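Here is a short report for a reader new to this structure. Take a look at the sequence and the model, then read on.

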Amino acid sequence: MRTDANAGYVVLSMLVLIASGCTQAPPEFEPSLLVVTEADMVDEHREQIQSALVDWFGTPDEPKAPKSPTTFQLDQELLAMAAGPAGYVDRGDGEYLQRGLYRQHCASCHGITGNGMGPAAAMLAPYPRDFRPGVFKFKSTYRAAKPTDDDVRRVIKHGVPGTAMPSFSLLDDKQIDALVEYIKYLAIRGQVERELVAHLADEFDFDPLANTTDQPFDPDNDKEDRELVDYLVAKVSRPWGYGNVQVVQPDPEFVPSENRSAAEVVKSVAAGRELFVSTRAKCTDCHGLPGSAVIAKDYDDWDEAVVNFLRKTDALVASIERREQQIAGLNEAQRERGQQQLAHDKRRLQKRKQVAWRLLEPRPDPPRNLSNGVFHGGDELIDLFRRVHQGVAGTPMPAHGSPRSNVPGSLSEGEIWQLVDYLRSQRQARSL
Amino acid sequence: MAKKKHRKPKRSRDAASLTPGQWWERAAAVVLCCVTFPLLWVGGLVTTTKSGMAVPDWPGTYGYNLLLYPWTTWLAGPWDLFIEHGHRLLATLAGLLTIGLLVLVLRFDDRRWMRVVAAAALVGVVLQGVLGGLRVLLDERLLAMVHGSVGPLFFALTAAIVVWTSATWRLARPAAVAICLQRAVPLGLVTTLLVFVQLVLGATIRQMPVTASPQTFAVAVKAHLFMAVIVAAACWFLAMRLLARGVPKPVRVFGVAAAVMVFLQISLGVFTWLSKYGVPRFAVAYIGTGDAATLADGWWQNHIVTAHQATGSALLAVILVGTLLAWRFAPTMTATDSATARNLPPTGVATA
């Protein structure tokens with residue numbers, strides 16, 4: 001028994017060692033690899049952007065609602081509820097505050113940064129949403145507008161049927177509010193990062209060949225740089241305050257009345273079907289004729305960016321090979337410059353390859369199979385109306401109604417309602 | 001009356017052939033095993049519902065925190081209390097039972113190795129408890145993984161102790177016809193190892209930190225799927241050998257169990273994926289997608305996932321015990337034969 005006890009102590013102390021040795025550092029927001037690499041910036045600027053983002057937005061454990069001069073303002077308390085490690089913190093007076101909702105429920109798919117690259121991502125189709133471009137598919141607003149809070153709330157509550165996005169209807173309203181706020185936060189943060197990268201790449205002086213710059217980006221000390229970030233934060237946040245006025249409201253004149261006769265419905269469905277297969281609406285170009293297979297050829301915006309990145313990388317490979325062959329035939333001065341450029345491009349290629357390896361493999365976004373699929377954005381009449389009206393933002397599914405209020409679209413509202421009737425009839429035929 | 005004499009004795013083999021001390025020893029082993037399985041299940045449930053993560057302190061004000069845990073919309077509060085405290089109460093019970101078992105073994109079992117086994121069980125259960133506590137306090141993934149992998153090992157050990165303390169084991173005579181059992185033993189050992197590796201892979205997937213890359217997770221899932229095929233094949237061949245002609249009944253039982261459990265486990269695995277991530281795109285053409293999204297942390301999701309984990313442990317135990325019994329009943333084991341003979345309880349001979 002004595003030896004057993006000794007062995008026990010040894011193992012115990014080993015465990016404590018293991019436990020203390022590998023306690024993880026708090027997770028950080030990842031830079032947007034694709035955007036930063038594409039911009040071909042110098043390392044110094046990259047790092048300065050990241051530290052500016054920490055100053056304005058905080059970290060995954062301690063997020064900050066950036067101060068924006070507009071009326072739109074994120075709620076710090078809700079952000080805190082969603083951020084940090086899962087669990088509770090003691091407020092000191094015996095009350096416990098909720099923390100870490102996002103990490104507990106969402107990060108496994110959407111990633112800590114909201115880049116749609118959580119651990120489970122590669123195994124899912126469609127991939128989880130990358131929030132950073134600030135584009136959302138299923139919403140009630142005009143295609144280019146941000147979703148309303150209710151739109152995001154609805155996605156979280158009901159999930160996206162037909163995809164891996166689950167329903168979180170078991171969470172209470174306060175928790176869902178916190179998650180909505182955090183999604184907006186991640187989206188705004190991501191978009192500000194993009195804007196900053198684009199701005200620095202365009203406006204700042206730097207020498208990509210030497211990887212140096214004489215114009216550091218230093219919002220801590222430089223007033224102009226600070227104002228730049230404030231300006232971009234305001235610019236990116238402002239549209240989030242407009243959601244509610246951007247909702248697509250159907251013209252009451254065309255909304256089908258609830259007590260239509262069966263004959264009227266049948267007529268509308270027939271007209272809708274006619275439209276669906278017509279060359280004017282072009283629905284069948286992608287969705288195929290009723291009953292036939294859909295044609296998946298286009299990518300959504302998220303994967304399209306990756307496709308372009310990979311294409312450019314391939315082009316760079318080809319260009320390097322070509323120039324390597326040509327370089328012998330150049331004169332002295334040209335050769336030196338050429339060699340310098342080649343060395344730089346090889347470094348660039350190296351970086352691009354490292355990034356490419358980490359991106360999710362792009363996959364075409366299949367159009368919905370309308371005769372046996374489930375609607376991802378809700379199957380109420382108004383959902384389908386808005387879907388056909390504004391399409392699905394960020395995907396090949398085009399808008400058919402007016403792009404803005406008072407601008408005519410390719411289909412009239414009356415026609416869209418007929419299509420909606422047709423879509424519903426297809427759906428009902430399936431469930432019978 | 002005469003007719004009655006020819007009937008098989010009604011009392012169980014165990015009761016008839018074990019001394020009272022050995023009977024108690026065995027009873028303790030059975031109870032321990034029966035407590036350990038729900039312990040694993042509830043432990044899995046704690047992981048599934050992430051309740052363990054949601055409560056930072058241990059053991060202390062656990063109950064107090066629970067009241068604040070806003071799961072009221074999900075199964076009423078008491079159920080939550082049941083999961084959280086149940087795991088620890090069961091763990092404590094398992095610990096006490098292991099102590100009891102050790103005492104009984106030291107007192108009544110004359111097999112030296114059995115005493116070592118019982119002592120090892122106690123060390124194991126204590127370590128496992130400490131691991132569980134540390135896991136809560138330090139919120140360390142690696143600890144969670146180790147805690148989650150040692151659990152099934154301990155359960156398999158308790159199942160083995162049940163067999164080792166049984167009359168079947170003590171009285172087993174090699175079955176001369178069952179030559180195939182000899183070949184079943186190495187296969188069984190390999191299968192046990194494979195099942196355990198598969199459990200660890202499963203725990204890796206379950207405890208994957210949210211900062212892991214999608215590529216890492218994909219590799220783990222693919223490895224888990226690949227191993228599922230290997231394990232299923234191994235279990236199938238093992239079951240065939242355990243069910244071959246001439247194999248004594250106690251071994252056959254485990255042959256059937258291995259085949260059934262592995263099938264059950266694979267089905268649970270499929271449903272685990274469906275309940276968490278929905279229908280994979282390649283399968284949509286065949287089974288369609290549901291009309292609604294999956295419900296995160298819903299009752300079905302939580303229990304299917306937990307059942308998948310618990311059944312993994314049960315499979316490990318079944319394979320291990322089946323292998324042990326195969327070894328016991330395999331012919332030409334003269335050395336152990338004589339060892340058993342010395343251990344035979346006096347009453348055992350009569351009924352055997």
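Over all chains, this predicted model holds 23 salt bridges. Three of them are set out below.

| Salt bridge | N to O distance |
|---|---|
| Asp149(A) and Lys184(A) | 2.9 Å |
| Lys157(A) and Asp173(A) | 3.2 Å |
| Arg111(B) and Asp109(B) | 3.0 Å |

**Two bridges in chain A**

Start with Asp149(A) and Lys184(A), whose side chains meet in a salt bridge. This pair links distant parts of the chain. Asp149(A) sits in helix α7 (residues 149–158) of chain A, and Lys184(A) in helix α8 (residues 173–203) of chain A. They are 35 residues apart. How accessible are the two partners? Asp149(A) is partly exposed, at 28% relative accessible area. Lys184(A) has a relative accessibility of 3%, so it counts as buried, the cut-off being under 20%.

Next comes the salt bridge of Lys157(A) with Asp173(A). Lys157(A) is partly exposed, with a relative accessible area of 27%.

**A network in chain B**

In chain B, Arg111(B) and Asp109(B) form a salt bridge. Are these residues buried or exposed? Both Arg111(B) and Asp109(B) are buried. They belong to a network of salt bridges that also takes in Glu25(B) and Arg170(B).

**Helix α12 of chain B**

Helix α12 of chain B covers residues 249–277, 29 residues in total. From first C-alpha to last, the helix reaches 42 Å. That is close to the 42 Å expected at 1.5 Å a residue. Among the buried residues of α12(B) are Val251(B), Gly255(B), Ala258(B), Met261(B), Val262(B), Gln265(B), Leu268(B) and Thr272(B). An α-helix has 3.6 residues a turn, so residues three or four places apart point the same way.

What covers the buried residues of α12(B)? The cover includes α10 (180–206), α11 (214–242) and α14 (299–329) of chain B. It also includes α6 (107–110) of chain A. Just after α12(B) comes Gly278(B), with a positive phi of about 80°.

**A nonpolar surface patch**

Leu96(B), Ile99(B) and Val103(B) form a nonpolar patch on the surface. Together they have about 280 Å² of accessible area. Leu96(B) lies in helix α6 (residues 77–108) of chain B. With a relative accessible area of 54%, Leu96(B) is exposed.

Conventions: Residues are numbered from 1 along each chain as its sequence is written. Chains are lettered from A and ligands numbered from 1 in the order in which they are written. This is a predicted model: local features need pLDDT of at least 70, side-chain atom pairs count only at pLDDT 80 or more; totals for chains, interfaces and linings use all residues. Side-chain values use heavy atoms; hydrogens and water are left out. Patches are made of residues with over 30% relative accessible area and no salt bridge: like charges are joined within 9 Å, nonpolar side chains (Val, Leu, Ile, Met, Phe, Trp, Tyr) within 5 Å. Accessible areas come from the Shrake-Rupley method with a 1.4 Å probe; for residues, only the protein chains shown count as cover. A salt bridge is a side-chain nitrogen of Lys or Arg within 4 Å of a carboxyl oxygen of Asp or Glu. Helices (H or I, at least four residues) and strands (E, at least two) are DSSP runs, numbered from the N terminus. Buried means under 20% relative accessible area, exposed over 50%, partly exposed in between (1.4 Å probe, protein chains only). The expected span of a helix is 1.5 Å times one less than its number of residues. Contact means heavy atoms within 4.5 Å.
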